[in-house]
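Dear colleague,

Here is the structure for you to look at. My notes on it follow below.

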Amino acid sequence: MSCLLSVEPFEISINGFSERVWSLRNASTMMFSVLAARLFHNRHSQTRHTTDATFFTLFPNLHPYFLRELNKALLAEKCLYYPSLYPTLLVLQRMTPCPLSAGDPNLSLSHFVEVIQKLSLSGVLKTRSLAAETLSSILSASEMQEVVEGIIEKLDKSMKQNKLHGSLLQVKHGLSKCPDLAVVSRKLMKKHWLLTDNNCPFTAALYVQILSKVVSPSETSPELSTLINKAMSLLKSSPNSGPMYTLKEACASFIMSIQCSDLVET
């Protein structure tokens with residue numbers, strides 16, 4: 001057991017994802033699966049997570065290794081895929097932050113936040129999704145609230161759609177940790193152009209899906225009225241296939257969730 005959980009085989013398994021020979025890549029994925037199961041599965045509590053203090057106290061050399069691999073992946077963004085990126089993110093997803101007093105600050109998860117946020121804006125959908133999900137795991141509730149509010153403030157019409165989508169994914173995955181959703185709701189509704197003046201149904205649908213989770217049924221505001229009227233207009237429009245169907249479905253769910261028919265223009 002102690003041999004299996006040493007640092008070296010963990011690095012070997014992740015590095016093996018870059019092998020050109022299929023059999024070596026396959027062996028590396030199986031080795032990674034075994035190591036991850038041994039590290040994160042607690043049969044007594046049925047949890048699959050551990051704290052950063054616990055993990056990096058046991059394996060301090062993995063902290064700089066993970067950070068190095070993430071930065072390499074960021075530099076290799078033009079190549080669209082970096083083999084060690086996904087296993088590294090999957091391991092970090094299994095960690096939760098400890099209070100600063102509980103561990104070595106040099107080995108905390110906070111060092112990964114900046115690079116993971118940048119990866120969340122990747123041109124690759126899977127990378128954006130996995131990085132955004134990882135970000136929500138490694139931040140505390142208070143940190144997540146601050147990060148989510150900051151992301152919403154920076155949303156701008158000049159941003160490319162991949163970056164808009166990645167930013168919204170960070171918000172979506174961070175909602176479960178935000179203690180004050182009312183603030184998030186108000187800030188999001190001010191960005192109503194994401195629905196009313198956005199030519200990408202994909203990002204517009206994600207924006208509406210997030211609104212459905214945060215807008216209170218008792219909410220009343222000019223921004224909400226604008227959003228409802230636009231959602232109603234889209235539901236009456238065509239076509240009904242592809243990305244537009246996803247957007248219409250999100251709009252329907254949004255209107256049903258807020259139950260504010262009195263704000264809709266008749």
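**Helix α5 and its neighbours**

In this predicted model, α5 meets α7 through Leu85, Tyr86, Leu89, Leu90, Leu92 and Gln93 on the α5 side, and through Lys126, Thr127, Leu130, Ala131, Glu133, Thr134, Ser137 and Ile138 on the α7 side. Sorted by class, the residues of this contact are eight nonpolar, four polar and two charged.

The geometry of the pair is as follows. Helix α5 covers residues 85-93 and helix α7 covers residues 125-138; their axes lie 8 Å apart, at an angle of about 25°. Angles under 35 degrees count as roughly parallel, and α5 and α7 are therefore roughly parallel to each other. The crossing in which α5 passes α7 is left-handed.

On α4 the arrangement is as follows. Helix α4 spans residues 62-75, and its axis comes within 10 Å of that of α5, crossing at roughly 135°. The two helices α4 and α5 are therefore oblique to each other. Here too the crossing is left-handed, with α4 passing α5. From α4, the residues in the contact are Phe66, Glu69, Leu70 and Ala73; from α5 they are Leu85, Thr88, Leu89, Val91 and Leu92. Seven residues of the contact of α4 with α5 are nonpolar, one is polar and one is charged.

How many of the nine residues of α5 are buried? Eight are, so α5 is largely enclosed by the rest of the structure. The buried ones are Leu85, Tyr86, Pro87, Thr88, Leu89, Val91, Leu92 and Gln93.

In soluble globular proteins, nonpolar side chains tend to be buried together. In this model the largest nonpolar core has 77 residues, and Phe55, Phe56, Phe66 and Ile116 have the most contacts inside it. Helix α12, residues 201-214, supplies the largest share of this core, with eight residues.

Phe55 can be followed in the same way: neighbours within four places in sequence aside, Phe55 is in contact with Leu39, Phe40, Thr50, Leu62, Phe66, Val91 and Met95.

**Two single residues**

Is Ser136 buried or exposed? Ser136 has a relative accessibility of 12%, so it counts as buried. This serine sits in helix α7. Apart from neighbours within four places in sequence, Ser136 is in contact with Met144, His173, Gly174 and Lys177.

Asn199 belongs to the loop between α11 (193-196) and α12. With 73% relative accessibility, Asn199 counts as exposed. Gln161 is 38 residues from Asn199 in sequence, while their C-alpha atoms are 9.5 Å apart in space.

**The chain as a whole**

The chain has 14 helices and two strands. It has 266 residues, of which 45% count as buried. Taking contacts between residues at least 6 apart in sequence, 70% join residues at least 24 apart.

Regards

Methods
Residues numbered from 1 in each chain as written. Predicted model: local features only at pLDDT ≥ 70, side-chain atom pairs only at ≥ 80, totals over all residues. Heavy atoms only, no water. Axes fitted to C-alpha atoms, helices over the stretch in contact; angles between N-to-C directions. Helix = DSSP H or I, 4+ residues; strand = E, 2+ residues; numbered from the N terminus. Parallel < 35°, antiparallel > 145°, perpendicular 65-115°, else oblique. Left-handed = near helix turned anticlockwise from the far one by under 90°. Contact = heavy atoms within 4.5 Å. Nonpolar A, V, L, I, M, F, W, Y, C, P; charged D, E, K, R; others polar. Core = buried A, V, L, I, M, F, W, Y, C linked by side-chain atoms within 4.5 Å. Buried < 20%, exposed > 50% of the residue type's maximum accessible area, 1.4 Å probe, protein only.
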